[in-house]
Amino acid sequence: MNEIERSKKILKILNQIYPKTSIPLKHKNLFTLLISVALSAQTTDVNVNKVTKKIYPKYNKPEHFIKLGRKKIEKLIRSTGFFKKKAKSVYLLSKQLVEKHRGKVPNNFEDLEQLHGVGHKTASVVMSQGFGMPAFPVDTHIHRLAQRWGLTSGKNVTQTEKDLKRLFPKKSWNKLHLQIIYYGRKFCTAKSCYGLTCKICSTCYPNRKKPLKTKKA
Ligand code: SF4
């Protein structure tokens, strides 16, 4: 089976298992989506949701975070880890939004990636989940699964994003990146490969005799 055949089978299986995909990071508006994505680095979505549940009812606009200032933001987001760096980003990007974008989250990659602490992956999530524009955010988990499923031999997320965009139809991207994340969390974790039992690999690699040797991606 070549990579195109595999990609078609994978898409079909994921659509069967996850016909609907909800956005894992809870948010009130585009701005809080952006903040939640920024806070989700190096921690889980569950943890971010736990923290933001207490923040967003009161603070949900860039102006609120500017008024709070860095030290108070640090206190609020402490349990998401790397809180000093994250608080600096939240504060500075809030200022940028107010000063350059009238407090609105821009709807293009160029402006999003100019915001403090916002890289291509964060911008892709906002474009995809916030604006519904075709994007394929690739994090280390999607990178790992794409490698294990033989959809990329890329050494980095940039190459993996290119390969996935080439293999899957544009209209599937927004849902697919979430479907892959859900599948990875449940069936294809960083630590282990169940080898012969997962639906995707038993379909795409029917002749496999042993579990994959996993290296943390
Ligand atoms: S067998 Fe399962 S755990 Fe292993 S690579 Fe395939 S989907 Fe992932």
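Predicted model: local features only at pLDDT ≥ 70, side-chain atom pairs only at ≥ 80, totals over all residues.
Numbering runs from 1 along each chain as its sequence is written, and side-chain values use heavy atoms, with hydrogens and water left out.

Buried is under 20% relative accessible area, exposed is over 50%, and partly exposed is in between, with a 1.4 Å probe and protein chains only. Helices are DSSP runs of H or I with at least four residues, strands are runs of E with at least two, and both are numbered from the N terminus.

Back to α2. The buried residues there are Phe 31, Thr 32, Leu 33, Leu 34, Ile 35, Ser 36, Val 37, Ala 38 and Leu 39. And what covers them? The cover includes α3 (45-55), α4 (62-77), α5 (83-101) and α7 (120-130), with contact meaning heavy atoms within 4.5 Å. At the N-terminal end, Asn 29 caps the helix, with a side-chain oxygen 3.2 Å from the backbone nitrogen of Phe 31.

Now α7. Eight of its eleven residues are buried, so α7 is also largely enclosed by the rest of the structure. The buried ones are Thr 122, Ala 123, Ser 124, Val 125, Val 126, Met 127, Ser 128 and Gln 129, and they pack against α2, α6 (109-114) and α10 (173-187). After α7 comes Gly 132, with a positive phi near 70°.

Speaking of phi, most residues other than glycine have a negative one. Two residues here go the other way. Gln 42, not a glycine, has a positive phi of about 65°; Gln 42 is in the loop between α2 and α3, and is exposed at 67% relative accessible area. Phe 82 has a positive phi near 45°, sits in the loop between α4 and α5, and counts as exposed at 53%.

Buried or exposed? At 9% relative accessibility, Glu 74 counts as buried. Not counting residues up to four places away in sequence, Glu 74 touches Phe 83, Lys 84 and Ala 87. Lys 213, in the segment after α11 (199-204), is exposed at 83%.

Then there's Met 1, in the segment before α1 (3-17) and partly exposed at 43%. Leaving aside neighbours within four places in sequence, Met 1 is in contact with Arg 6, Lys 9, Thr 203 and Cys 204.

Last stop, the ligand. Where does it sit? In the largest cavity. A cavity is a set of points, on a 1 Å grid over the protein atoms alone, where a 1.4 Å probe fits but cannot get out, and sitting in one means that more than half of the molecule's atoms lie within 2 Å of its grid points. Around the ligand, with a heavy atom within 4 Å as the cut-off, are Arg 148, Trp 149, Tyr 183, Phe 187, Cys 188, Cys 193, Tyr 194, Gly 195, Cys 198, Cys 201, Arg 208 and Leu 212. By class, that shell has nine nonpolar, one polar and two charged residues; Ala, Val, Leu, Ile, Met, Phe, Trp, Tyr, Cys and Pro count as nonpolar, Asp, Glu, Lys and Arg as charged, and the others, Gly among them, as polar.

Key: 1 Å grid on protein atoms, 1.4 Å probe; cavity = no way out; pocket = protein on both sides within 12 Å on 5 of 7 lines; lining within 4 Å. Polar contact = N/O pair within 3.5 Å; in protein donor to acceptor, adjacent residues only side chain to side chain.
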